[in-house]
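Please walk me through this structure, from its overall makeup to its sheets and its core.

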Amino acid sequence: MKKTILALSALCLVAFTSCKEDATSKIKSENVAVAAERDATAGDFPVISFTETEHDFGTIVNGTPVETKFSYTNTGKTPLVVSNIKSTCGCTVPSDWNRSPLAPGESAEFTVKFNGKGSNQVQKSITLTTNTEKGSEIVKIKAFVEPDPNAPAKKAGTTSIKSVK
């Protein structure tokens with residue numbers, strides 16, 4: 001046991017005394033200047049501002065396609081990039097967005113098409129992948145979908161069961 005403690009102590013002594021170099025002597029002053037400039041602008045994220053973050057289509061008949069445009073502006077100090085726009089389901093399709101960087105103060109828009117399927121109150125979210133501080137932004141559409149009056153009526157309480165032989 002004494003030999004183990006003695007060997008461990010000797011190993012620690014060698015490890016602590018072998019690192020006598022001063023780490024500050026390895027720092028280059030030009031790298032410090034570049035890092036200071038980078039850190040000063042690191043908090044400058046683009047900011048996306050929408051004219052509306054939720055669009056209400058009101059009451060629509062089931063199966064009636066509708067669409068709207070969402071407009072947005074880069075109110076930040078650095079270029080805004082919208083790299084992707086996706087919806088929560090296939091019934092809502094975002095399209096026509098600007099994939100190139102949007103300079104501060106510039107505006108753009110994208111279209112959202114909804115196929116009008118569903119019943120009662122329907123709400124869908126559209127997520128934009130951006131280079132803002134949060135990394136993503138969400139806009140929503142909603143509509144009250146009422147049954148199509150021209151659709152064939154379903155008979156209540158009847159089911160069709162086919163026998164398999």
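The paragraphs below go from the whole chain to the sheets, and then to single residues.

This is a predicted model, in which local features need pLDDT of at least 70 and side-chain atom pairs count only at pLDDT 80 or more, while totals for chains, interfaces and linings use all residues. Residues are numbered from 1 along each chain as its sequence is written, and side-chain values use heavy atoms, with hydrogens and water left out.

The chain has two helices and eight strands; here helices (H or I, at least four residues) and strands (E, at least two) are DSSP runs, numbered from the N terminus. Along the sequence the pattern reads α-α-β-β-β-β-β-β-β-β. Of the 165 residues in the chain, 24% are buried, where buried means under 20% relative accessible area, exposed over 50%, and partly exposed in between (1.4 Å probe, protein chains only). The accessible surface comes to about 11900 Å², and 56% of this surface belongs to carbon and sulfur atoms. Such areas come from the Shrake-Rupley method with a 1.4 Å probe, and for residues only the protein chains shown count as cover. Among contacts in the chain with a separation of 6 or more, 64% link residues 24 or more positions apart; a contact means heavy atoms within 4.5 Å.

The strands can be taken sheet by sheet. Two strands pair if DSSP finds at least two bridges between them. Valine 66 has phenylalanine 114 in β6 as its bridge partner.

Another open sheet of four strands has the order β2-β8-β7-β4, with mixed pairing. Here β2 and β4 are the edge strands, each pairing on one side only, and the twist averages 20 degrees from one strand to the next. Five bridges join the antiparallel strands β4 and β7. Isoleucine 85 stands opposite leucine 128 in β7, and lysine 86 has threonine 127 in β7 as its bridge partner. β7 also pairs with β8 in the antiparallel sense, over 10 bridges, with serine 125 opposite lysine 140 in β8. These two strands form a hairpin with five residues between them, and glycine 135 in the turn has a positive phi of about 90 degrees.

Threonine 130 lies in β7 and counts as buried because its relative accessibility is 9%. Its side chain makes a polar contact with the side chain of threonine 132 at 2.7 Å. A polar contact is a pair of N or O atoms within 3.5 Å; within protein, one must be able to donate a hydrogen and the other to accept it, and residues adjacent in sequence count only if both atoms are side-chain atoms. Not counting residues up to four places away in sequence, threonine 130 touches Leu80, Val81, Val82, Gly135, Ser136 and Glu137.

The largest nonpolar core has 24 residues, and those with the most contacts inside it are Tyr72, Phe110, Phe114 and Leu128. The elements that give two or more residues to this core include β3 (66–74), β6 (107–114) and β7 (120–130). A nonpolar core is a set of buried Ala, Val, Leu, Ile, Met, Phe, Trp, Tyr and Cys residues joined through side-chain atoms within 4.5 Å. Beyond four places in sequence, residues that phenylalanine 114 touches include Phe57, Ile60, Val66, Val122 and Ile141.

Notes
Axes are lines fitted to C-alpha atoms, for helices over the stretch in contact, and angles run from 0 to 180 degrees between N-to-C directions.
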